[in-house]
Amino acid sequence: NFMRDDITGLRAVAVLSVIFFHLNLFNLNNGYLGVDIFFVISGFLISKLLFKHLKKKNFSIKNFYIRRIKRIIPMVFFVILISIPFFSFVMLPHLLKEYAESIISVLFFVSNFFFFLNTDYFSSSAEFKPLLHFWSLSIEEQFYIIFPIVIVLINKYFKDNFKKIILFLFLFFLVITLVVNHSLIEIFYKTSINKYFSFYFPFSRIWELLMGAVAALYATNFKKYDLKIKYFFSLIGFIIIIFSLTL
């Protein structure tokens with residue numbers, strides 16, 4: 001069971017920061033970064049589970065996918081079914097058509113691409129997209145379709161360098177994201193292509209999920225440290241998060 005109290009608390013910080021951002025509360029100008037925090041948490045939890053089963057040599061990609069489906073699909077259907085009657089009455093026809101299209105994109109876990117083509121996340125019109133929040137779930141699921149296969153291959157053919165390869169992949173995608181965000185996006189924006197390209201696309205989020213994987217691999221090295229030292233660095237981490245959300 002990897003649902004520790006500290007991770008649950010960090011999840012609460014991530015979720016509340018996004019909610020407060022959309023409600024314009026507490027001056028959380030960067031509250032949307034809660035999604036980034038959530039990606040790291042998700043990468044940590046899933047990777048911890050994958051690495052545990054690989055170590056015990058009882059990992060099954062099929063069982064992994066089945067567990068993900070059982071965990072995600074019921075809640076996705078629940079949210080959609082609950083929302084349909086309400087929005088069918090309050091939406092204008094053209095908005096209702098787009099809403100129906102967004103439902104399809106959510107069910108196939110491609111809503112991040114759909115909203116990239118149709119929505120600026122930071123505009124006021126985004127408030128009228130009931131399923132907009134599913135974009136991040138789509139990115140997660142796209143990642144988890146590929147990630148277990150990659151992990152199994154690395155474990156099979158490069159087992160001795162397993163940790164180093166995961167760390168390299170994290171650094172590789174981090175550098176790629178930095179390069180794209182500070183060069184190509186500016187070019188795209190000047191040619192009237194949506195400047196939030198990197199916001200919705202999985203390639204620029206992979207490093208966050210892989211950061212969680214790196215944490216899952218290397219966290220055991222910190223067990224030997226005194227509890228006071230752990231609390232100190234936890235406090236430093238929390239302060240950095242608060243500064244990131246507000247400044």
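Predicted model: local features only at pLDDT ≥ 70, side-chain atom pairs only at ≥ 80, totals over all residues.
Colleague: Which elements does the chain have, in order from the N terminus?
Modeller: The chain has 10 helices and 0 strands. Read from the N terminus on, its elements therefore follow from how helices and strands are assigned, and the order is α-α-α-α-α-α-α-α-α-α.

Colleague: Among contacts between residues at least 6 apart in sequence, what percentage join residues at least 24 apart?
Modeller: The chain has 247 residues, of which 38% count as buried. For contacts between residues at least 6 apart in sequence, the share that joins residues at least 24 apart is 72%.

Colleague: What span should helix H9 have, and how far apart are its end C-alpha atoms?
Modeller: Helix H9 covers residues 206-218, which is 13 residues. At 1.5 Å a residue the helix should span 18 Å. The model agrees with this, because the end C-alpha atoms of H9 are apart by 18 Å.

Colleague: How many residues of H9 are buried?
Modeller: A residue is buried when its relative accessible area is under 20%. In H9 the buried residues include Trp 207, Glu 208, Gly 212 and Leu 217. The helix is mostly covered, and of its 13 residues the number buried is 10.

Colleague: Which helix gives the most to the lining of the largest pocket?
Modeller: The largest pocket holds about 1700 Å³ of space. Its lining has 35 residues, and those closest to its centre are Arg 4, Asp 6, Leu 10, Ala 215 and Ser 234. Helix H1 (5-22), helix H2 (34-56), H9 and helix H10 (227-246) each supply at least two lining residues. With 12 residues, the one that gives the most is H10.

Colleague: By class, how many residues in the lining of the largest pocket are nonpolar?
Modeller: The lining of the largest pocket also has charged residues, 7 of them, and 5 polar ones. The number of nonpolar residues in this lining is 23.

Colleague: What is the volume of the largest cavity?
Modeller: Rolling a probe the size of a water molecule over the atoms shows where empty space is left. In this structure there is 1 cavity of 30 Å³ or more. The volume of the largest cavity is about 70 Å³.

Colleague: Which helix gives the most to the lining of the largest cavity?
Modeller: The residues lining this cavity include Met 91, Tyr 99, Phe 114, Phe 128 and Lys 129. By class, the lining divides into 8 nonpolar, 1 polar and 2 charged residues. Helix H4 (93-107) and helix H5 (111-118) each supply at least two residues. The most, 4 residues, come from H4.

Colleague: Is Phe 114 buried or exposed?
Modeller: Phe 114 lies in helix H5. Leaving aside neighbours within four places in sequence, Phe 114 is in contact with Glu 98, Glu 101, Ser 102 and Ser 105. Its C-alpha atom is separated by 9.6 Å from that of Ile 104, 10 residues away along the chain. The relative accessible area of Phe 114 is 13%, so the residue is buried.

Colleague: What is the relative accessible area of Ser 47?
Modeller: Ser 47 is placed in helix H2. Not counting residues up to four places away in sequence, Ser 47 touches Phe 147, Ala 213 and Ala 216. Ser 47 is buried because its relative accessible area is 1%.

Colleague: What is phi of Asn 24?
Modeller: Most residues other than glycine have a negative phi. Asn 24 sits in the loop between H1 and H2. At 68% relative accessibility, Asn 24 counts as exposed. Although Asn 24 is not a glycine, its phi is positive, at about 55°.

Colleague: Is Lys 57 buried or exposed?
Modeller: Lys 57 is in the loop between H2 and helix H3 (61-90). Lys 57 is a residue other than glycine with a positive phi, near 60°. The relative accessible area of Lys 57 is 69%, so Lys 57 is exposed.

Technical notes: Residues numbered from 1 in each chain as written. Heavy atoms only, no water. Expected span 1.5 Å × (residues − 1). Buried < 20%, exposed > 50% of the residue type's maximum accessible area, 1.4 Å probe, protein only. 1 Å grid on protein atoms, 1.4 Å probe; cavity = no way out; pocket = protein on both sides within 12 Å on 5 of 7 lines; lining within 4 Å. Points joined across faces, edges and corners; volume = space filled by probe spheres on them. Nonpolar A, V, L, I, M, F, W, Y, C, P; charged D, E, K, R; others polar. Contact = heavy atoms within 4.5 Å.
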